[in-house]
Amino acid sequence: MTFTTASKLTLPNGAAIPHIHLGVYMMTSREAERSVTAALANGYRGIDSAQWYANEAACGAAIGRSGIPRSEIFYTTKLQTNTSYDATRAAIKTSLKKSGMDYIDLYLLHSPYGGPQKRAECWRAVEDAVLEGEVKSAGVSNFGVKHIKELLDRGVRVKPVVNQIEVHPFNQNREIVEYCKEQGIVIEAYAPLVRGMRMRHPVLREVAKKYGVTPAQVLVRWGLQMGFVVLPKSTKEQRIKENADVAGFEIGEEDMKKLAELDEGLVTDWDPTDAA
Ligand SMILES: NC(=O)c1ccc[n+]([C@@H]2O[C@H](COP(=O)([O-])OP(=O)(O)OC[C@H]3O[C@@H](n4cnc5c(N)ncnc54)[C@H](OP(=O)(O)O)[C@@H]3O)[C@@H](O)[C@H]2O)c1
């Protein structure tokens with residue numbers, strides 16, 4: 001299978017989502033504007049932002065200025081806190097206003113925090129935003145199996161199309177990945193580069209050397225071969241290019257097995273998947 005900035009995966013609702021997005025977590029507005037501009041110039045068409053990242057306006061400005069038709073861009077943002085129906089509807093409108101967009105391609109509950117009642121209420125608000133066209137596709141992030149089951153058991157009008165969780169060889173989150181696969185929910189792999197924390201790992205280096213690529217490229221390619229949408233972040237144009245330049249090699253079965261053995265449950269940032 002070919003994975004490029006132009007290649008896409010079909011979500012369960014029929015929408016096409018780029019395999020590779022630029023993640024913009026921990027970017028100042030200035031960095032986000034430059035990085036999104038660089039990413040779009042290098043072929044990226046997916047941008048993963050969030051209310052929490054406080055750079056939605058910068059992302060929207062860079063997208064607007066790129067001259068690329070809005071329909072060719074896939075823009076994701078997320079609800080910071082699960083509070084109430086009204087607050088969620090208002091947050092979606094604010095995200096739209098900040099980014100200067102008429103619609104959001106993918107809107108996620110950023111975490112399961114808040115408990116069952118708030119999760120259900122906020123999801124209902126996201127569903128209404130989908131039904132009214134503010135949001136094209138809806139999903140969740142950092143949801144554990146129990147959170148997804150709870151949502152589905154309550155009955156949904158709009159089924160989540162993705163669960164965005166931390167996944168890389170050093171934290172494979174297999175139970176959630178397996179369950180989502182059964183449910184037809186696509187996994188978006190965040191922190192796919194392990195936030196730079198394992199670039200010097202000997203197995204990763206060995207595999208990279210074998211294919212004549214960088215450890216970062218092995219990590220991105222691993223996620224894609226696992227069937228995930230992958231969201232590498234970089235503020236540097238050279239790395240933005242490098243991270244998406246993964247079409248020229250395929251990790252063989254033996255090496256996929258070696259990488260599968262690296263799981264150490266490493267949490268690079270936070271792990272709300274077990275929240276009450
Ligand atoms: N839903 C959630 O709760 C959640 C949580 C975390 C992340 N995310 C999403 O996933 C995206 C990616 O995760 P992340 O930003 O935490 O981490 P990441 O993409 O795994 O790693 C980013 C780090 O790797 C460095 N890097 C990038 N390319 C590199 C390369 N080719 N070689 C060496 N180092 C490289 C970056 O530094 P430079 O910038 O200096 O290049 C940065 O320090 C986020 O931006 C966000 O969109 C979502």
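Before I start, a word on terms: a pocket here is an open set of grid points, on a 1 Å grid over the protein atoms alone, with protein on both sides within 12 Å along at least five of seven lines. With that in mind, and remembering that this is a predicted model, let me turn to the largest pocket, which holds about 660 Å³ of space.

The largest pocket is lined by 30 residues, and those nearest its centre are Ala-191, Leu-193, Arg-195, Pro-232 and Lys-233. By class, its lining divides into 14 nonpolar, 9 polar and 7 charged residues, and α9 gives the most to that lining, with 3 residues.

What sits in the largest pocket? The ligand does, and it is surrounded by 28 residues, of which the closest are Asp-48, Leu-193, Ser-234, Lys-236 and Arg-239. Helix α9, residues 237–244, also gives the most to this shell, again with 3 residues, while the shell as a whole has 13 nonpolar, 9 polar and 6 charged residues.

Taken alone, the ligand exposes 900 Å², and the protein buries 89% of that.

Finally, the second largest pocket has a volume of about 280 Å³, and among the 15 residues lining it, Val-177, Glu-178, Lys-181, Met-226 and Phe-228 are the closest to its centre. The largest share of this lining, 5 residues, comes from α6.

Note on methods. Residues are numbered from 1 along each chain as its sequence is written. This is a predicted model: local features need pLDDT of at least 70, side-chain atom pairs count only at pLDDT 80 or more; totals for chains, interfaces and linings use all residues. Side-chain values use heavy atoms; hydrogens and water are left out. A residue is near a molecule or strand if one of its heavy atoms lies within 4 Å of it. Accessible areas come from the Shrake-Rupley method with a 1.4 Å probe; for residues, only the protein chains shown count as cover. On a 1 Å grid over the protein atoms alone, a cavity is a set of points where a 1.4 Å probe fits but cannot get out, and a pocket is an open set with protein on both sides within 12 Å along at least five of seven lines; lining residues have an atom within 4 Å of a point. A molecule sits in a cavity or pocket if more than half of its atoms lie within 2 Å of its grid points. Helices (H or I, at least four residues) and strands (E, at least two) are DSSP runs, numbered from the N terminus. Ala, Val, Leu, Ile, Met, Phe, Trp, Tyr, Cys and Pro count as nonpolar, Asp, Glu, Lys and Arg as charged, and the others, Gly among them, as polar. Grid points are joined across faces, edges and corners, and a volume is the space filled by probe spheres set on the points.
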